Every structure is written in C-alpha cells, then in structure tokens.
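Grab a pencil and open the viewer.

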Amino acid sequence: MSSEITTTAEFLSDDPVKRAPLVDPRLDYHSVTETVSAIAERPKPPKAWYAAFAVALSLTLMLFALIGYLIVEGVGVWGNNNPAFWGFPIVNFVFWVGIGHAGTLISAILFLFRQKWRTSINRFAEAMTIFAVVCAGLFPGIHVGRIWFAYWLFPVPNQMEMWPNFRSPLLWDVFAVGTYATVSLLFWYFGMIPDLATLRDRARSRLSKILYGVFSLGWTGSAREWHRYERSYLILAALATPLVLSVHSVVSFDFAVAQLPGWHTTIFPPYFVAGAIFSGFAMVQTLMVPARRFFGLEKIVTMRHIENMNKVILATGSMVGYAYGIEFFIAWYSGNPNESFVFLNRAFGPYAWAYWIMVSCNVIFPQLFWFKKIRRNLLITMVIVMLVNVGMWFERFVIVVTSLSRDFVPASWGYFKPTAVDLLMLLGSFGLFFTLFLLFLRFLPIVAMAEVKGVMPHDHGPKEKGAPESAGGER
Amino acid sequence: MAEQIFPKWTNRLRTFLGLGAAGAGVFVLVLFAYGASPKTLNVGYAPDQPVPYSHAIHAGKLGIDCRYCHTTVEKAAAAAIPPTRTCMNCHERIRPESPKLALVRESARTGEAIPWVKVHDLPDYVFFDHSAHVTRGIGCVSCHGRVDRMDVVTQTQPLSMGWCLNCHRNPEAFLRPKDKVTDMAWKPAEPQAELGRRLREEYGIRPPTSCSTCHR
C-alpha cells in the first residue's frame, strides 16, 4: 500500500508491483496548500530573493537602456554586418523561443498522454514559457532597425496598400509565435484560477484580497464549475498541443526556406523541435532544482520528477545529436560540394570552437544521464543542464553565423564579431527573464495545488474514503 | 465561504468591461481606418493664398490652358508656379489698379516672389514626374480635380501611396487621348474600359509598381 511507505528511499523504489506515488506520500491536502501558499503569503521574501531580484532588475534596466541606445544610434551598435546580417538578435530569438517549448509540452502533451507527474512542475514550466516568449518576442521587434515601424510585421491594412510577404516564413513566424504566446498565456492563467482562489480565500491584506479576488474571476469551486473547468482545460490542451510542434517548425522555416547551404535542409523542423524541447527542459531543470530546495518543495517536486526530466533531456539530446550526425551524412551523400564545404567549415573552420562547444554540451555531456546515479544527483544535474543551456545557445549561433559568414561567394566571406552591446543585450535578456520569474515566485501559486491534490497517493489506494477536496481547499 | 469584499454591484462591471473591450476594439479600428487615413487628413486642404487668385475665373471662365502658366509640366518633374511676369502679361492692362493685385504689382516691381502656398505637396522621399504622366495620357483633372471650378485651390485626392498604386495597377481606368490631357471637362465617348485598353496599347503604358519607381 502506498500509504505504508514512510521513507524517501522506499518512495523512490522502482518496485513494479506497486504503483509509484507521484508526490511524497507523507503529504496530505492540507500540507500541499500550506507549503505552496506560504511562499506567496510570507510578508517579506527572504534576503536571497531581494539579492537575486536586484541583480535581475539591474540587468533588465541595462537591457532597456541598451535598447534606447540602439534606437538612437541604429543597428550599427551590433556586430551585424555584411555578410552576417543575422547576428545575435536572431540567435537570441531562436534560443528563447526554444526555451519556451517545455511549458506547453509539459502542460498540453503530457496532459493529453495522462502523464500525471506533470502536475508538480507544469505551473513552473508554463510560467517559464511565457517569460521566455517575452524575451524572444523582444529581439525580432528591435532587429527591424526602425522600431517605430515594427507594426509592419503584421498585415495591417494601410494607406500604402503595402503588405508583408505572405510567402515568407518571417511572416509565418509572426503568427506562429503570436499564437503560441497567446495560447500559452491563456493556458497558464486558466490553470491558475482555482489556485488563485485558494490564495484569495487565505489572503490577509486588503490589497491581496482585491487582486487575487479579481484574478480568480469569482471561482467558488462548485462541482459545476469544476466540471466545466476540466472540460475547457482539456480543450485548451488539445488546442495547445499542435503548437508545440508548429512554432519551432515555423522558426526553422526561417532558415530552411532560404537557399543558403547549411540552412536549406528538410531535417530542420523536427531537429528544431527536438532541440527546443531539449533546451526547454534544461531551463526548467535549471530553475526547478534551486527553487525546490529554496522554497521547501522537495516533497512535491520529488527526485522522481527530476529524474523524469533528466530522461527527457537525455532522449531529446540524443535526437539532437542524431540530427547533427545526419546533417553531415547528407552533406556527403548529396554530393553537393557547397553543402559538404559548409559542414566541414563548421567543424574545422574559423568557428570550430563554437561548433565543438555545441557538440560537447548538447550531445556528449547529457549522455551521462544514462546512469541512474547521475540522474538523481542534483549537483551533477545542475552542471549538465547549465551546459545544455550554453550548448543550445551555441547551436543557434553556429547555424546562423557559420552559414552566413561563408556562403557561395568566397569574395564576400567574413568573420562575425559581436560587439559589447550584443553581449550585454544577451545578458540583459536573462535579466528580464529572471525578473519576471522572480516576480512569479513571489506573488503567484508556483505549483498547481489543485492538480497535485488530484494525484495524491490517497487516490490510488483501495482504502480511499470520500471524494477529494476541491480546490480553494482551505475554507 | 470567504469574506465577501466585492459588493454585489461589481457583478455589473463584467458587462461594462465586455462592452468596453468590444467598444475599444471598434474605436481603434475606426480611428485607424478613417481617422488616420489621408482621405481624412489631407483631402480638402485649401490654404489661404497671399493673392486671391481664382482658377475658376482664369482656367474656367476665360478658358486659359493650364500650360499657359504651368509651362514646364510637359518637360520637367515639377509643374512650375509661374513667375509674376506671367501675371503681368495681362494685368498690366487688365484691372491694373485692382487692390486684390497689389501684391502682384509689388512683386513685379521688386522682383520678390509671391509666397504662394503649395497645396499638392508630396513627401520628400517620393519621386514624382509630371512630364511622365501628362505626356502619356493622364489628365490634370485625374489628380487635381476640377481646378477650373475652384476659387481656392483645394486638394481633392488623398495622394497616398495606395491611391498612386490604384492607378499604376490599373491605368486603363484613367487614360485619355493625349490631346485631352488639359481638358478638364472631357468625358469619354466610348466606355472608358475599352478606350483605356486601346490607349494603353497605343501609348505603350507599363506603369511600374516596384518600390524604387517612386522611392529612389
């Protein structure tokens, strides 16, 4: 019986006879509510939060100051120049959009596949998705140069009768990312309503009563509300699922539809999607491992969750490695000299350093996750996922820069060098990401309490008595 | 239940919020479609001129050809504003004492140009050539309206990019015989579509629509 398990070691045992509990069996409904709500309810966050927030906010302010500088001076402040006109802004855009993939994968696809372990981490991952998409959306917006014309990205009827090129993947991108941002935000907020109601019911100060009250939309937790809520959540999940595959496929079209060797390959859509999920999970892990320790969520986000995510990282990392390999195979097998040159140039040309950072971080180190001991070692996990974050940024750098800097015409070859503004803007985007994330940790229910209660071990045993408590739990 | 901090009337806010959001959408749409359109902003521009010169009298009643004053229109990009000398050709004898013409006489004496206010003013980033249009069967009236009926010159067309493209994409609807270009009152004797098609072929009209046609 799951309820007889008392120690963490037993809880993590892989005895196939027993159904593995998804959260620590020592938790009950009340302690879930207490653990999660307490994070948002403490009158003052811990000192470490202030320190982190100060750093993140300074970086964010620096980012916006640099954007101001960019607007005043023009795009010459970046290293983008002939022949590499897509420098850091596009690299950063693809990087952040990729990060944003884990949220919807966890919330929508794992939901439809009834992977109930997702409940402990989905809120977290969805929040991360939204913030990553915010960072991603920033870069194409400022990359247009004259940013007061950024609305030209959208097909707005205008007196010039001028439209974006509907045959261009750059326009499809606007729709793909726009849809993704909207649906992710809706999904995140919708899933949060019962938990916001819990916070509302427990709120002490007038301001938080009003704010949580407004945003919980008058949720009472009646059976009828739950019925409709669950139906709508399912529909939203079904709507969001294709987006996991479509967004990064369309982003990959930005490259694949061009004729440049190294970009013009049919493998790009699946390769990009696998890479996106890979980087997304790595980022979830990067945030989750410290946060669960810091906020005492070890019983809700258990070692099993960490291990499961590490398995996903291993699987998608191997897919990415396979894609790297197959690109070389096709370059040779196609017999196309330009194609062969590009890939040899990647591995042994002037950007070989970036290429080998990418390969070692994305393909070699994640292979360590074949070992259970490493999957369950938080420190090593942290090191590996950090390396994956680095590696996935370099993957986009390698794709964008190596192909552009050495194309068909040797006379136009060049070597892209980022400027200080490039590097500081990349750093600043991390600042923006962490600022939003720290605010999320401070004010919102960071774990989906209502959903976690639905998968508590009590539900699995035959001794179960009475229906599970509804959300808003503590009345 | 938790303490109710929202009084009952707040339920009604929902309706207002919904209506407000829908209303805001419509407002923005209307604002951009109509309010910010050159049709609204530019059409009807009729600035006061330093001399109360009436095209209705000169071009309409007296029937002076456009090109008598705007001499360069068939040869150059700009349709020249005539020098004061052109006015004085007639007005040395006709109404030489009229107080309305005081500024014209002064200009003739001092050589200082009359500060006419430009009505049809295209942005500086647009290249436009009058000669290319009036020598290929586009009438003055197509862009400037019935100037021969205007006491004060008024902009009748939006002169927006979409408006230019409207003709460049479909010149048949506006072509006329070359000898009717300055005829303000001309009406086609046959259906314009047929005439336009024939003239387009005859004159070899292939209006370009690429960016660099106008933005050079």
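**Exercise 1.** Work out how the radius of gyration of chain B stands against that of a compact globule of 216 residues.

*Solution.* Keep in mind that you're looking at a predicted model. Next, look at the box its C-alpha atoms fill along the principal axes: roughly 95 × 50 × 35 Å. Finally, check burial: 13% of the residues of chain B count as buried.

**Exercise 2.** Describe what chain B is built from and how it is divided into domains.

*Solution.* Count the elements to begin with: chain B has 11 helices and 0 strands. Domain 1 covers 16-41, domain 2 takes 55-81 + 120-214, and domain 3 is 82-115. Last, the C-alpha centres of domain 2 and domain 3 of chain B sit 28 Å apart.

**Exercise 3.** Is Asp48(B) buried or exposed?

*Solution.* First find it: Asp48(B) is in the loop joining helix H2 (38-41) to helix H3 (55-61) of chain B. Now count neighbours. Asp48(B) has 7 C-beta neighbours inside 10 Å, and 12 or fewer means exposed, so Asp48(B) is exposed. One more thing to spot: Val117(B) is 69 residues away in sequence, yet its C-alpha is 7.7 Å from that of Asp48(B).

**Exercise 4.** Check the span of helix H11 of chain A against the expected value, then find what covers its buried residues.

*Solution.* Helix H11(A) runs over residues 303-333, which makes 31 residues. At 1.5 Å a residue you'd expect 45 Å, and the helix reaches 44 Å from first C-alpha to last, so close to the expected value. Its buried residues include Ile306(A), Met309(A), Ile313(A), Val320(A) and Tyr324(A). Residues three or four places apart on an α-helix point the same way, because there are 3.6 residues a turn. The cover over the buried residues of H11(A) includes helices H10, H12, H13, H14 and H15 of chain A. Just past H11(A), Gly335(A) has a positive phi of about 70 degrees.

**Exercise 5.** Which helix gives the most to the side of chain A that touches chain B?

*Solution.* Begin with the totals: 9 residues of chain A contact 9 residues of chain B. On the chain A side, helices H7 (169-202) and H8 (206-215) each supply at least two residues. H8(A) gives the most, with 3 residues. Sorted by type, that side of chain A has 3 nonpolar, 2 polar and 4 charged residues.

Conventions:
Residues are numbered from 1 along each chain as its sequence is written. Chains are lettered from A and ligands numbered from 1 in the order in which they are written. This is a predicted model: local features need pLDDT of at least 70, side-chain atom pairs count only at pLDDT 80 or more; totals for chains, interfaces and linings use all residues. Domain bounds come from an automatic or database domain assignment. Helices (H or I, at least four residues) and strands (E, at least two) are DSSP runs, numbered from the N terminus. The radius of gyration is taken over C-alpha atoms; the globule rule is 2.2 Å times the number of residues to the power 0.38. A residue is buried if 20 or more other C-beta atoms lie within 10 Å of its own, exposed if 12 or fewer, and partly exposed in between; C-beta atoms are placed from the backbone. Two residues are in contact if their C-beta atoms, placed from the backbone, lie within 7 Å. Ala, Val, Leu, Ile, Met, Phe, Trp, Tyr, Cys and Pro count as nonpolar, Asp, Glu, Lys and Arg as charged, and the others, Gly among them, as polar.
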